[in-house]
Amino acid sequence: MHPRSMFLALAFVASMLALTAPVAAQEEVLQPVEAPQALAPNALQLAQAAAARGDSAEALSRYLRILATTPDDVNALIGAGRAALAVGDTNAAAGFLSRADVLDSRNGQVKAGLGSTMLANGNARAALRLFNDAVALGVPPTEIAADRGLAYDLRGAPKRAQADYALALRLHPSDETTRRLALSQAIAGDRVSALATLDPLLRKQDVPAWRDRVFVYALTGDLASAQQDAALVMPADQVAALGPYLPRLAALKMADKAAAIHLGRFPGETPPEPKPVVIAAPRIQVDRATLTPAAPVQSFAEVKAAATTPAPVTPARAPAPETAAAALPVRAERAPAPSRAQRPPGSSRSEDMPSASQTAAPAAPTRAELAAEAKLEAKARAAEKRKADALAAAKAKREQEEEERAVARKNPARHWVQVAGGANKADLGREWAKLKAKWPTQLAGRSPWTTHYRFTNRLLIGPFATSAAAQDWVGDRKKEGFATFRVETAAGDPVERVD
């Protein structure tokens with residue numbers, strides 16, 4: 001290829017990559033289309049290929065190009081819905097799939113996609129109904145089994161959930177489904193099966209599996225093992241933050257257990273302030289009798305979301321000669337430690353460390369007493385600092401929440417219609433002028449607004465009184481050839497008037 005041609009091709013590819021974010025890709029749909037353009041014969045295959053290799057943003061961009069010229073293409077609507085769900089935009093996913101359902105109410109793939117969308121929003125009852133409709137319309141049960149299993153768990157039916165997970169794993173093995181199966185077994189109280197299910201993932205050092213083992217122990221009532229595992233794979237502040245939740249998991253109803261573990265929805269009132277966590281080593285005493293709790297959090301969802309990054313445990317210091325003998329009986333009473341292949345990444349076994357007799361150096365009694373006193377003073381100062389830090393963090397969190405509430409009052413949840421979009425907010429005024437010139441009757445009396453989303457800025461009209469009113473406006477304009485779609489802004493989302 002000629003160098004200049006290659007340069008132009010690379011520049012085109014780079015410019016297209018900038019449009020792969022979900023909403024930015026939607027912008028192409030929103031710009032007024034002067035005349036339908038011919039699609040390449042393999043446009044749908046290219047979009048499906050992008051989805052198959054896991055590039056959901058690219059897939060969504062390609063599906064939207066198809067919908068720009070053929071807005072009633074059911075396959076493209078299904079693909080766009082699935083891709084939007086994969087990138088976390090459940091509102092857009094619901095919009096695409098609902099439109100597909102209107103066009104083809106007997107399409108099983110549409111029902112399956114809507115079921116996954118309902119599940120992502122925590123509506124397990126609606127998800128189960130849609131999954132069963134999908135199977136009745138010809139979708140193979142193996143395609144929806146992993147998600148339907150999660151829906152059964154959220155409805156408090158772990159045995160049915162486990163049957164679906166097993167079905168999914170037979171034809172579509174996945175680490176995520178394996179972890180769901182293990183948690184479902186723990187929800188049902190079967191700790192032995194849950195640990196056996198996780199074991200292959202633990203041996204290959206799958207960090208989410210180590211984190212899930214903490215919850216397996218907690219769900220089945222083994223609080224000591226849950227706390228010990230948490231200390232091995234999570235930072236100390238996360239261990240402390242989990243403190244008030246772990247003891248309560250085993251007593252929850254099965255549906256509440258699933259909601260807590262999978263959705264971060266913990267029932268009941270705001271939990272009490274975390275208590276110190278004591279972690280004892282099997283052979284030598286760990287030099288951290290307590291772990292100072294982190295600043296209080298509002299929900300279990302925040303705590304669980306934070307517990308995603310494993311942290312290595314600092315090897316414990318060998319005890320003084322007078323305490324070594326007291327530590328040995330503790331080792332005899334504990335269950336055997338995991339083998340080297342079963343240890344979490346970054347963890348240390350106390351059996352691998354030198355014994356107290358090998359590390360304790362003889363010292364004069366006076367020096368030992370002085371050293372012990374100095375350590376006590378240092379620990380006291382550290383405890384005071386941790387307490388002050390926790391109080392400061394709690395105050396900062398309260399101030400941030402008050403600020404967020406103020407923003408939410410200023411910007412309540414509202415209903416809009418998006419008429420265009422653009423990466424540069426300064427250009428939206430000119431774009432609005434063009435639209436007004438082209439659609440003067442339709443936009444008469446309307447004012448332009450904008451809100452930022454991902455890599456673009458939405459150009460909106462509204463707000464409308466209800467979601468249905470916004471959708472009716474979209475439907476009326478579609479008949480006239482004016483491509484728009486409904487947008488919901490959540491409380492706190494800033495929306496500005498376009499000058």
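Me: Which residue lies over the face of W473?
Reply: A charge sits over a ring if NZ of Lys or CZ of Arg is within 6 Å of the ring centre and within 35 degrees of the ring normal. This is a predicted model, where local features need pLDDT of at least 70, side-chain atom pairs count only at pLDDT 80 or more, and totals for chains, interfaces and linings use all residues. Residues are numbered from 1 along each chain as its sequence is written, and side-chain values use heavy atoms, with hydrogens and water left out. At 4.7 Å from the ring centre, the residue over W473 is R477.

Me: How many aromatic pairs are there?
Reply: Rings of Phe, Tyr and Trp (its six-membered ring) pair if their centres lie within 6.5 Å; planes under 30 degrees apart count as stacked, over 60 as edge-to-face and the rest as tilted. By this rule the count is 5.

Me: How many residues apart are W416 and W449?
Reply: Their rings make a tilted pair, with 5.7 Å between centres and 55° between planes. Helices (H or I, at least four residues) and strands (E, at least two) are DSSP runs, numbered from the N terminus. W416 is in strand β1 (residues 414–422) and W449 in strand β2 (residues 448–453), so the pair links distant parts of the chain. The separation between W416 and W449 is 33 residues.

Me: Why is the pair of W473 and F482 edge-to-face?
Reply: The ring centres of W473 and F482 are 6.2 Å apart. The pair is edge-to-face because the planes meet at 70°.

Me: What is the class of the angle between α11 and α13?
Reply: Axes are lines fitted to C-alpha atoms, for helices over the stretch in contact, and angles run from 0 to 180 degrees between N-to-C directions. The axes of α11 (residues 175–187) and α13 (residues 207–219) come within 9 Å and cross at roughly 10°. Angles under 35 degrees count as roughly parallel, over 145 as roughly antiparallel, 65 to 115 as roughly perpendicular and the rest as oblique. Therefore α11 and α13 are roughly parallel.

Me: Is Q205 buried, exposed or partly exposed?
Reply: Q205 is in the loop between α12 (191–203) and α13. Buried means under 20% relative accessible area, exposed over 50%, and partly exposed in between (1.4 Å probe, protein chains only). Because its relative accessible area is 32%, Q205 is partly exposed.
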